[in-house]
Amino acid sequence: MTVKARTLVKLAGSLLVLGGAGFLVVTSPWTWSAVNGSRELPALEGADLENGRTVFLASDCATCHASPDAEDETHLGGGRSLDTAFGIFHMPNISPDEETGIGSWTLAEFDRALREGVGPEGVMPDGQNLYPAFPYTSYQRLTGEDSRDLYAYLMSLPAVRSDVPDHELKFPYNLRRGVGIWRLAFLDGDALTPGEVPDGVDPDVYHRGEYLVEGAGHCAECHSPRGLMGEVIADKRYGGGPNPEGTGWFPNISPDPTGIGYWSTARIANYLHTGKNPIGRMADGDMAEVVANTSQLPFSDVQAMAVYLKSVPPVENRAPGQPAPNYADHVVMLDQAVGKAPQLPVSAASAIAAGDSATVVETKDVWLGADMVATENQPDGKILGGAAAEVTARDGDKVQLTLRGWQMEDAPTVLYQAKGQRVMMAVFDDAAAAAVTRGAPEVAAATGQSWVPAEIALWSDAGGMNTDRGAVWAYGQDTFQTACAACHVLPQKTHFTANQWIGTLKAMRRFTSFSDDQYRLILAYLQNHSKDLDVSKETVQ
């Protein structure tokens with residue numbers, strides 16, 4: 001190796017070492033602390049457990065950290081997952097268990113995590129940068145007294161032994177050390193600076209609401225759009241935005257006509273206290289869990305939060321599918337979309353082969369024999385959108401579809417997907433009903449009704465189906481969310497049973513322009529992911 005080459009290698013090595021050292025310095029929690037200083041933290045003695053519980057409720061701790069399916073909100077064993085564009089976050093155990101929770105943390109360590117985003121674990125002695133999925137950018141506004149009281153309250157709760165897996169994040173987000181740069185950019189470490197009180201508003205009420213909304217309540221963390229680095233966009237604060245999973249929309253809660261501008265202060269307070277909005281709809285989805293906490297706060301606190309929310313700057317930001325506000329002084333009729341043909345998720349007819357599993361997308365006429373398909377013969381039945389079938393034979397453009405499901409013992413002309421569940425797959429005339437192979441009766445425990453397993457093979461054309469059942473569910477989910485989120489906070493699929501979804505969706509159908517096939521696919525998706533019939537948990541195929 002020449003002298004010049006050796007010099008270049010040494011230079012490259014030196015730059016690499018310096019770069020690595022610089023990265024460690026810039027990303028170090030100690031660097032953030034040196035830039036931002038420390039906050040006052042009172043001694044643990046004298047902690048107020050009652051106030052600690054108030055901070056616990058206002059901070060919505062149980063929504064993320066309660067053990068899955070736990071009936072007691074104080075069992076904080078973690079384990080819930082948040083699927084985001086960055087990867088999957090697993091909510092940690094924050095119970096006082098010393099091995100799997102935070103029972104071994106000191107007050108100072110807890111406060112550093114809460115208000116600075118740095119945990120005591122980690123390979124290096126400067127601590128472990130925490131991901132901002134934990135909303136410490138809001139919790140930094142908490143006072144030292146509230147941080148102390150919250151710590152004391154958490155340590156008084158039951159210890160839950162529960163190992164939670166590490167986050168499953170994509171590169172480069174899985175480089176936790178790099179979060180130190182994010183903290184330097186987006187975490188100022190300041191206490192809340194009281195804002196200017198609007199005219200006619202009680203200053204004490206306004207500032208209490210400001211503290212709860214901007215701090216413990218961390219409302220902006222969900223109800224604001226985010227930038228490329230996951231930071232809240234300042235001039236869109238409270239303007240709503242997509243949820244982390246990318247499956248829905250957090251509503252605009254600013255006092256803009258595209259937000260909750262028409263809600264009175266009293267209505268906002270009542271919503272936080274009872275979950276009922278001004279048009280009588282109950283909170284659902286993620287917000288139902290938030291209201292489970294705010295409903296336990298002193299009513300004076302939710303009133304204060306309402307006063308403050310009514311005073312934040314309005315942000316014009318419509319949810320997807322939401323009509324533009326009517327600023328005119330007369331009624332404006334919306335354009336109708338009834339004539340627009342929907343784009344349904346179908347596979348090419350040529351791609352449907354014998355042996356495939358297929359999902360019916362477009363309601364299909366069916367016949368008992370292949371020679372009867374697409375002739376003047378009346379169909380022997382119909383297979384409805386969302387029904388699963390096995391392609392057992394193909395003859396040119398015709399396919400034989402075998403359906404397997406359940407029938408009520410005294411109703412042989414209807415085929416359902418599962419015993420005891422009114423998830424319709426097909427309807428038959430008398431001839432097709434007579435061709436159904438039926439098994440021994442079984443009683444559905446929930447209803448006491450007698451059901452029989454049933455199977456039938458029918459013929460139809462090869463169009464209007466999809467061999468990817470997941471794509472059909474994705475279409476149903478997207479259509480449901482896009483159409484319904486324009487006016488409503490979406491209910492969780494698992495808040496209703498499969499049978500309850502029939503009436504729930506039917507009640508809203510008259511307000512939409514869904515085609516029959518769209519309606520069937522939405523209903524099938526919701527029923528197959530319901531409280532008692534969830535394909536994602538492999539309880540039904």
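The expected span of a helix is 1.5 Å times one less than its number of residues. Helices (H or I, at least four residues) and strands (E, at least two) are DSSP runs, numbered from the N terminus.

This is a predicted model, in which local features need pLDDT of at least 70, side-chain atom pairs count only at pLDDT 80 or more, and totals for chains, interfaces and linings use all residues. Residues are numbered from 1 along each chain as its sequence is written, and side-chain values use heavy atoms, leaving out hydrogens and water.

**Overall**

The protein chain holds 17 helices and 18 strands. Of its 541 residues, 44% count as buried (under 20% relative accessible area, with a 1.4 Å probe and protein chains only). Contact means heavy atoms within 4.5 Å. Among contacts between residues at least 6 apart in sequence, 65% join residues at least 24 apart.

**Helix α17**

Helix α17 covers residues 516-527. Its 12 residues reach 16 Å from first C-alpha to last, close to the 16 Å expected at 1.5 Å a residue. Of the 12 residues of α17, 11 are buried, so the helix is largely enclosed by the rest of the structure. Among the buried residues are Y519, R520, L521 and Y525.

**Helices α9 and α13**

Two packed helices are described by the angle between their axes and the distance between the axes. Axes are lines fitted to C-alpha atoms over the stretch in contact, and angles run from 0 to 180 degrees between N-to-C directions. Helix α9 (residues 203-216) packs on helix α13 (residues 299-309) at about 90°, with the axes 7 Å apart. The two are therefore roughly perpendicular (65 to 115 degrees). Contact residues include V205 and L212 of α9, and M305 and Y308 of α13. The contact divides into 9 nonpolar, 1 polar and 4 charged residues. Here Ala, Val, Leu, Ile, Met, Phe, Trp, Tyr, Cys and Pro count as nonpolar, Asp, Glu, Lys and Arg as charged, and the others, Gly among them, as polar.

**Strand pairs**

Two strands pair if DSSP finds at least two bridges between them.

| Pair | Sense | Bridges |
|---|---|---|
| β1 (residues 81-84) and β2 (residues 87-90) | antiparallel | 4 bridges |
| β11 (residues 388-395) and β12 | antiparallel | 5 bridges |
| β12 and β17 (residues 450-461) | antiparallel | 11 bridges |

A hairpin of 2 residues joins β1 to β2. L82 has F89 of β2 as its bridge partner.

β11 and β12 also form a hairpin, with 2 residues between them. G396 in that turn has a positive phi of about 65°. V391 is bridged to L401 in β12. On β17, I456 stands opposite L403. Strand β12 (residues 398-408) has 8 of its 11 residues buried, so the strand is largely enclosed by the rest of the structure.

Key
Buried < 20%, exposed > 50% of the residue type's maximum accessible area, 1.4 Å probe, protein only. Parallel < 35°, antiparallel > 145°, perpendicular 65-115°, else oblique.
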